[in-house]
Protein chains: 6
Amino acid sequence: MLKRLLAPTIEVHAHCDLPCGVYDPAQARIEAQSVKAIAEKMADNDDPEFTTRAILIKEQRSQLVKEHLWVLWTDYFKPPHFEKYPHLHTLINEATKLAGAGGSKGSHDIEIADQLLAKVDEIAEIFWETKKA
Amino acid sequence: MLKRLLAPTIEVHAHCDLPCGVYDPAQARIEAQSVKAIAEKMADNDDPEFTTRAILIKEQRSQLVKEHLWVLWTDYFKPPHFEKYPHLHTLINEATKLAGAGGSKGSHDIEIADQLLAKVDEIAEIFWETKKA
Amino acid sequence: MLKRLLAPTIEVHAHCDLPCGVYDPAQARIEAQSVKAIAEKMADNDDPEFTTRAILIKEQRSQLVKEHLWVLWTDYFKPPHFEKYPHLHTLINEATKLAGAGGSKGSHDIEIADQLLAKVDEIAEIFWETKKA
Amino acid sequence: MLKRLLAPTIEVHAHCDLPCGVYDPAQARIEAQSVKAIAEKMADNDDPEFTTRAILIKEQRSQLVKEHLWVLWTDYFKPPHFEKYPHLHTLINEATKLAGAGGSKGSHDIEIADQLLAKVDEIAEIFWETKKA
Amino acid sequence: MLKRLLAPTIEVHAHCDLPCGVYDPAQARIEAQSVKAIAEKMADNDDPEFTTRAILIKEQRSQLVKEHLWVLWTDYFKPPHFEKYPHLHTLINEATKLAGAGGSKGSHDIEIADQLLAKVDEIAEIFWETKKA
Amino acid sequence: MLKRLLAPTIEVHAHCDLPCGVYDPAQARIEAQSVKAIAEKMADNDDPEFTTRAILIKEQRSQLVKEHLWVLWTDYFKPPHFEKYPHLHTLINEATKLAGAGGSKGSHDIEIADQLLAKVDEIAEIFWETKKA
């Protein structure tokens, strides 16, 4: 629980391009958790109608992960951040790829969902460091 | 900061109607914070083009607050919750009204945004009590 | 036909949060009828590709039922209505749940679609009473 | 009121491309009524913030009129209908243009909204004739 | 390649109803190519999860073809065009039907996708003739 | 015209994450052209209602530029591309920023729209080189 309390929570879609200045990596993480929960439910239920709904909804939730991360990449992070964290471009690019066809959209492997969550957490850690800076 | 760590964070859109079981009031709160930040920026800037964009984006963010709260109301809360918290229907109804035409959509009053945030926090408090129960 | 002529027709999404003052429960009912028609077609056709499309489209139509009803709940109905019809909160809450994972999204049972239509009609009856009042 | 009871009600978005077979011109009409109500409110209120919101919402409602009519044109009407009603293509094309930049999107003239409603009613009349045929 | 260089490229959604005056049939064509590529991939892969995703995505891409063509029909083409090309209404109507339930939404037949592409190309040819006129 | 014929055309949204393999930078370019055309029209017309609609639509078109470029960045470009073109991350990041609050969303300066178009063309050039490779 302490980990939860201290964990960076990530949000991106909240950024509104006014910009309002509100960013929080929590939204991407919540959607990634949803992707994992769907993968787990798929492992426990092979009713074909349920599976179809699960694939459909996993597609939508994975897409939201991508969108939230894209907003962070374009709207929150600035040149000095990319200078200070030279792997940040690659990290976010890999995270968004992990939410796509070669990742959680194309697969219901729980391991893939865990990799996605780990990448989102890495981005969140950098995010919160930059907020403190 | 302690308040932030302990504060309920609210999310609703993350619920995917599979259902994946992931709910968190944080998303509604993030959008409501965005609404308040927009109202504050509007108070400091009367460039007409900026004002137009601010109204447009405040409309979208207020709508997201409504949608996140609706998902909590329909998809997370169950009959026993409504029994235990008899004002819960009214509370959520008022919160969604506060994000509509008579609230943060129709007004850029910072006070309105604060009332909206307060209602969202009340809902989040109940949410987290039910999670512990 | 007389029943159709006299029947309350329900619409919610038409409300635009200006607010323009145009509400009509017809839209929720049309979407609920669509849900029922999809369930009936699923009963008559077990081609897997058709079934996949039917599940996908039933998901979207059920979502529209929810959204139309949410708009009525938040934007049309006012405190005096909830006072006069004390079960109105519960009624709308149940109707939206019936269009979700535990209702017409998760099931293609025609009986579920009929229950959803019946709830929508109950809401429409109250809606039209309040319009006359 | 009799007129309302007997009037064709038009809906298009309800058609789901399964297809579920549920079409009703009511939705296009409800959105067009919303467009007119917005134009009327704009005539009575020249608060700039209200005007901005009204323009924004009129844009969305006009777009919905277009979409509902497009669905009727493509998904409901079939070659024999176009043969029997040779002006049907032109009628729907004109109606959708009336909901665009040269019509209710670009203007808040109440007269334009009335013309749009009249066109929608003409389409609805044909729709209901074809249903009886 | 010359064919590609000279080929009409079609776009419709780019028209923004300001109107900005930018139309190009390329977008409809790109989506129709996507529909065909999906149909080809479905022919080569019968993994059920892949098939479900393919049906879902083919539904979305077909819908985009329809929307892009509708915009051309309503927003770009004017009465003199319909006079000069008397089959233009029918041509666009048939093309949009080919992207619907009776066409590329309801079928993964590559031949259907080819028919859709051919219709889109016919529309593009007329489009570019009118631009030169 | 030769320039048009030879020019890279860019598209991104057409990629469907199946993936269908259809990418084309044309869509981003068409939206960016739309942004420029809107800025030009705003320079020639200071009717306030027109200006409001222009700001609203410029916001949507700029958003589409961002989305199309994000899809190229995540879904089309692969690690070897980023290795061969080390400035590609920065280039796409700058282009998406140019379509945001600090670029064509927040400004109607025609010069900004030209900068956005230039960046999109640079990305398209690389895109077409990688297609030939």
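1. A quick definition before we start: two residues are in contact when they have heavy atoms within 4.5 Å of each other. With that in mind, look at chain A, where Lys66(A), Leu69(A), Trp70(A) and Trp73(A) of helix α3(A) meet His89(A), Ile92(A), Ala95(A) and Thr96(A) of helix α5(A). By class, that contact has five nonpolar, two polar and one charged residues. (Ala, Val, Leu, Ile, Met, Phe, Trp, Tyr, Cys and Pro count as nonpolar, Asp, Glu, Lys and Arg as charged, and the others, Gly among them, as polar.)

2. Some ground rules: this is a predicted model, where local features need pLDDT of at least 70 and side-chain atom pairs count only at pLDDT 80 or more, while totals for chains, interfaces and linings use all residues. Residues are numbered from 1 along each chain as its sequence is written, chains are lettered from A and ligands numbered from 1 in the order in which they are written, and side-chain values use heavy atoms, with hydrogens and water left out.

3. Back to those two helices (helices are DSSP runs of H or I with at least four residues, strands runs of E with at least two, numbered from the N terminus). α3(A) covers residues 48-76 and α5(A) residues 88-98; they pack at about 165 degrees with their axes 9 Å apart. Axes here are lines fitted to C-alpha atoms, for helices over the stretch in contact, and angles run from 0 to 180 degrees between N-to-C directions. So α3(A) is roughly antiparallel to α5(A); the cut-offs are under 35 degrees for roughly parallel, over 145 for roughly antiparallel, 65 to 115 for roughly perpendicular, and oblique for the rest.

4. Lys66(A) also reaches another chain: its side chain and that of Asp75(F) meet in a salt bridge, 2.9 Å from N to O. Lys66(A) sits in α3 of chain A and Asp75(F) in α3 of chain F (residues 48-76), so this pair joins two chains. A salt bridge means a side-chain nitrogen of Lys or Arg within 4 Å of a carboxyl oxygen of Asp or Glu. Searching the whole structure gives 48 of them over all chains.

5. While you're in chain F, have a look at α2(F) (residues 26-44) against α3(F): their axes come within 8 Å and cross at roughly 160 degrees. The two are therefore roughly antiparallel. Their contact has twelve nonpolar, five polar and four charged residues.

6. Ala101(C) is in the one between α5 (88-98) and α6 (110-132) of chain C. Leaving aside neighbours within four places in sequence, Ala101(C) is in contact with Arg53(A), Asp17(B), Leu18(B), Pro19(B) and Gly106(C).

7. Last, some backbone details to check. The peptide bond joining Leu18(E) and Pro19(E) is cis, with omega about 0 degrees. In chain F, the bond from Leu18(F) to Pro19(F) is cis, with omega near 0 degrees. Asp17(A), in the loop between α1 (2-6) and α2 (26-44) of chain A, has a positive phi of about 65 degrees although it is not a glycine.
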